[in-house]
Protein chains: 2
Amino acid sequence: MKTNLYEKKAQIFKALSNPVRLEIIDFLADGEKCVCEIVENLNYEQPHISKSLIKLKEAGLIKDRKEGLNVYYSLKICCMGEFFNCLNKIFKQENN
Amino acid sequence: MKTNLYEKKAQIFKALSNPVRLEIIDFLADGEKCVCEIVENLNYEQPHISKSLIKLKEAGLIKDRKEGLNVYYSLKICCMGEFFNCLNKIFKQENN
DNA sequence: TTATAATATTCCATTTTTGGAATATTGTCA
DNA sequence: TGACAATATTCCAAAAATGGAATATTATAA
């Protein structure tokens, strides 16, 4: 049961290691969204989105809030923006 | 062949989504190290370390430099420290 | 109650990742 | 050359992730 820090971090990275989930995170960076909005804007089947959201939630990266029929998801970790920006810069450099 | 940005990022996260590889990155944060040093300090078989290093290199996270029999590896991406620190903080909060 | 909209779950075949074991390659030095 | 040290590669079975399809759950409103 003793999951060390490296394993914990690895699990977070695992949750981030999928393009659909990254796209969802990017979309949530704009603020809280309900599942229906995510499904409308991103081009994936609703069950696929739903499963992706649950994986992100299990990893502790997003949180949810129910309101009637809707479930609203939002980011729970602040430092991703910085890291993403850094990656973007690196990708730009590579294209030279 | 068109790998979009999300897929590129996902591949970086995939490379980071393994405790052994994270441990290696942590060790390299101290500066350039040869494979033998990594094998001595971390407690994994040499082929396992070697494969992990190659995966990290393919992802563009580290680079290598040969010198005689030795191969020295070092970090290639600067922004990981910040992100790791952020994750550490989050883990601490969770333990409250 | 029943119909319906929003979301979650299950099932499943395919692909990918994992790490151990054995082996190969490469550079150096006597 | 031959031996050895450092590193990389291959092979493989087991485990995990992927995404499509069908279906289940839940809350609301009529």
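Across the interface of chain A and chain B in this predicted model, 4 residue pairs, both members at pLDDT 80 or more, are found in polar contact, a polar contact being a pair of N or O atoms within 3.5 Å, of which, within protein, one must be able to donate a hydrogen and the other to accept it, with residues adjacent in sequence counted only if both atoms are side-chain atoms. By contrast, 0 salt bridges are found across this interface, where a salt bridge requires a side-chain nitrogen of Lys or Arg within 4 Å of a carboxyl oxygen of Asp or Glu. On the side of chain A that touches chain B, α1 (5–16), α2 (19–28) and α5 (80–94) of chain A each supply at least two residues, helices being DSSP runs of H or I with at least four residues and strands runs of E with at least two, numbered from the N terminus. By class, this side of chain A comprises 17 nonpolar, 4 polar and 8 charged residues, with Ala, Val, Leu, Ile, Met, Phe, Trp, Tyr, Cys and Pro counted as nonpolar, Asp, Glu, Lys and Arg as charged, and the others, Gly among them, as polar.

The contact, defined by heavy atoms within 4.5 Å, takes 29 residues from chain A and 29 residues from chain B. About 2900 Å² is buried between the two chains, 77% of it on carbon and sulfur atoms; in chain A, Tyr6(A), Phe13(A) and Phe83(A) lose the most area to chain B, together 24% of what that side buries. Buried area is the accessible area (1.4 Å probe) lost by two parts on being put together, summed over both.

Chain A can be laid on chain B by a turn of 180° and a shift of 0.0 Å along the axis, with an RMSD of 0.0 Å, and the two copies are thus related as by a two-fold rotation axis. The C-alpha of Phe13(A) is the one nearest this axis in chain A, at 2.7 Å. Superposition was by least squares on the C-alpha atoms of residues with pLDDT of at least 70 in both copies.

A phosphate oxygen of DNA strand D is 3.1 Å from a side-chain N or O atom of Arg21(A).

Residues are numbered from 1 along each chain as its sequence is written, and chains are lettered from A and ligands numbered from 1 in the order in which they are written. In this predicted model, local features need pLDDT of at least 70, side-chain atom pairs count only at pLDDT 80 or more, and totals for chains, interfaces and linings use all residues, while side-chain values use heavy atoms, with hydrogens and water left out.
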